[in-house]
Amino acid sequence: MKTPFSVLLLASVLCFGPALAIITKNNWSYAGAGDTDQEFWKDIDGSFCDGSSQSPINIVTKWTREIERAPFNLQSYDTTIDATVENNGHALEIEVSKMPGEGHYDVTGGGLSGTFRAVQFHFHFGSNSMQGSEHTIDGERYPAEMHIVHYDTAYSSVSEAVKNKGGIAVLGFFLEVDDDDNSALDIILDQASNLMRPHTHQEMAGFTLSNLLPSSLDKFWRYDGSLTTPLCNEVVTWTLFEDTIKISNNQLNITRTLMSDAIDEAGYEMPMENNFRDIQSRGIRTIYAVTADDDYGMSPTPTASAGKSAPGAMIVLDAFLVAMALRF
Ligand SMILES: [Zn+2]
């Protein structure tokens with residue numbers, strides 16, 4: 001009786017084993033077993049991960065194009081809210097879409113083409129401080145990278161925006177090791193001990209997003225790319241700030257206690273650390289090195305939307321009068 005049962009068991013493994021290995025939008029991993037790692041993301045139904053405008057990329061600073069744009073205008077980022085912190089199996093993520101009243105974390109300016117609303121932010125980090133960020137600058141990795149994900153309010157929701165090129169704007173920040181703890185990160189990391197298990201969440205009261213941001217948002221890189229997780233939709237206007245958020249090694253060690261939902265070849269659960277995607281080809285894309293300028297768009301240029309500036313308006317009026325004179 002023993003042998004037939006074993007044969008039956010073997011037969012069932014052979015029949016169902018391959019089906020379990022198929023990668024889906026729910027079981028992808030960074031380096032897990034069973035054909036779920038990055039190499040297979042392109043095989044997920046509806047995936048864009050094999051496209052030509054993917055993220056992250058290495059930014060080669062000497063190849064960037066220098067331009068000026070208006071400064072970022074952050075609306076309500078200094079509002080204190082109750083947020084939800086989640087171990088989503090791939091990253092430590094903070095939902096920030098719930099705000100009392102009619103308020104939202106909205107961003108305009110910075111060369112963005114409308115109003116973009118924050119829905120969540122999350123962290124990519126490494127198993128040691130030599131790695132962790134998704135983007136690299138001249139080949140160098142930072143120990144972590146924070147992404148604030150916004151959608152264009154021209155769309156009704158983030159799920160609509162993600163179907164349209166330019167529908168998503170991610171503000172990306174590199175984290176850099178500092179001797180001292182960053183007290184603005186403590187409120188998030190204090191939750192981590194309750195979030196070691198994947199797919200768990202905690203409520204976090206009294207959170208203020210602006211406390212996390214570096215002092216200057218006036219220098220940044222800009223390019224068009226993709227989500228860095230499946231389905232890798234090529235809809236993201238990327239902003240990567242030059243000024244960094246500081247974090248201590250003690251604080252980085254707390255992130256390294258989190259577990260992911262991936263399983264390794266030996267069948268063990270894997271830690272969340274090293275949740276960064278491989279560098280993708282830049283292809284023919286232009287990377288801009290942007291400096292924010294308070295006067296951007298205020299001086300008379302042929303392409304400026306002249307209505308905002310008196311000198312520009314006068315030039316348009318002059319041109320109109322000249323044209324009228326020539327015509328009549
Ligand atoms: Zn991210």
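The legends below accompany close-up views of one predicted protein chain.

**Conventions.** Residue numbers start from 1 along each chain as its sequence is written. The model is predicted: local features need pLDDT of at least 70, side-chain atom pairs count only at pLDDT 80 or more, and totals for chains, interfaces and linings use all residues.

**Figure 1. Overview of the protein chain.** The secondary structure comes to five helices and 16 strands. Helices (H or I, at least four residues) and strands (E, at least two) are DSSP runs, numbered from the N terminus. Of the 328 residues in the chain, 34% are buried. A residue is buried if 20 or more other C-beta atoms lie within 10 Å of its own, exposed if 12 or fewer, and partly exposed in between, with C-beta atoms placed from the backbone. For contacts between residues at least 6 apart in sequence, 69% join residues at least 24 apart. Two residues are in contact if their C-beta atoms, placed from the backbone, lie within 7 Å.

**Figure 2. The largest nonpolar core and F173.** A nonpolar core is a set of buried Ala, Val, Leu, Ile, Met, Phe, Trp, Tyr and Cys residues joined through C-beta atoms within 7 Å. The largest one in this model has 62 residues, and those with the most contacts inside it are V96, A144, M146, I168, V170, F173 and L175. Strand β10 (residues 168-177) gives the largest share of this core, seven residues. Leaving out residues up to four places away in sequence, F173 touches E145, M146, P214, F241, T244 and I245.

**Figure 3. Strand β4 between its two partners.** Two strands pair if DSSP finds at least two bridges between them. Strand β4 (residues 80-87) pairs with β11 in the antiparallel sense over seven bridges, and E86 has H201 of β11 as its bridge partner. Four bridges join β4 to strand β5 (residues 92-95), also in an antiparallel run; here T84 is partnered by E95. The β4 and β5 strands form a hairpin with four residues between them, and G89 in the turn has a positive phi of about 95 degrees.

**Figure 4. Strand β2 and its parallel partner β16.** Strand β2 (residues 65-69) lies largely in the open, because the number of its five residues that are buried is zero. Five bridges join β2 to strand β16 (residues 288-292), and the two run parallel. The bridge partner of R65 in β16 is Y288.

**Figure 5. Two loops brought together across the sequence.** T61 is in the loop between β1 and β2 and is exposed, with 11 other C-beta atoms within 10 Å. T61 and I287 are 226 residues apart in sequence, with a C-alpha to C-alpha distance of 8.7 Å. Not counting residues up to four places away in sequence, T61 touches I137, D138 and A289. G283 is in the loop between β15 (269-271) and β16 and counts as exposed, with 10 C-beta neighbours inside 10 Å. G283 and I57 are also 226 residues apart in sequence, and 9.9 Å apart in space, C-alpha to C-alpha. Leaving aside neighbours within four places in sequence, G283 is in contact with S52 and S53.

**Figure 6. Backbone geometry in loops.** Most residues other than glycine have a negative phi, and most peptide bonds are trans. S55 and P56 are joined by a cis peptide bond with omega about 0 degrees; P56 is in the loop between α1 (2-20) and β1 (58-59). Another cis peptide bond joins P230 and L231, with omega about 15 degrees, and L231 is in the loop between β12 (219-225) and β13 (236-247). D35 is not a glycine but has a positive phi of about 55 degrees; D35 lies in the loop between α1 and β1 and counts as partly exposed, with 16 C-beta neighbours inside 10 Å. H199, also not a glycine, has a positive phi of about 65 degrees. H199 lies in the loop between α3 (183-189) and β11 (200-208) and counts as exposed, with 10 C-beta neighbours inside 10 Å.

**Figure 7. Model confidence and the chain ends.** pLDDT is the predictor's confidence in each residue, from 0 to 100. The mean pLDDT of the chain is 87, and 84% of its residues reach 70 or more. Over residues 1-19 the pLDDT is below 50, and this stretch has zero contacts in the model beyond near neighbours in sequence. Over residues 304-328 pLDDT stays under 50, and the model has 17 contacts beyond four places in sequence for them. Where pLDDT is low, the predicted coordinates should not be read in detail.
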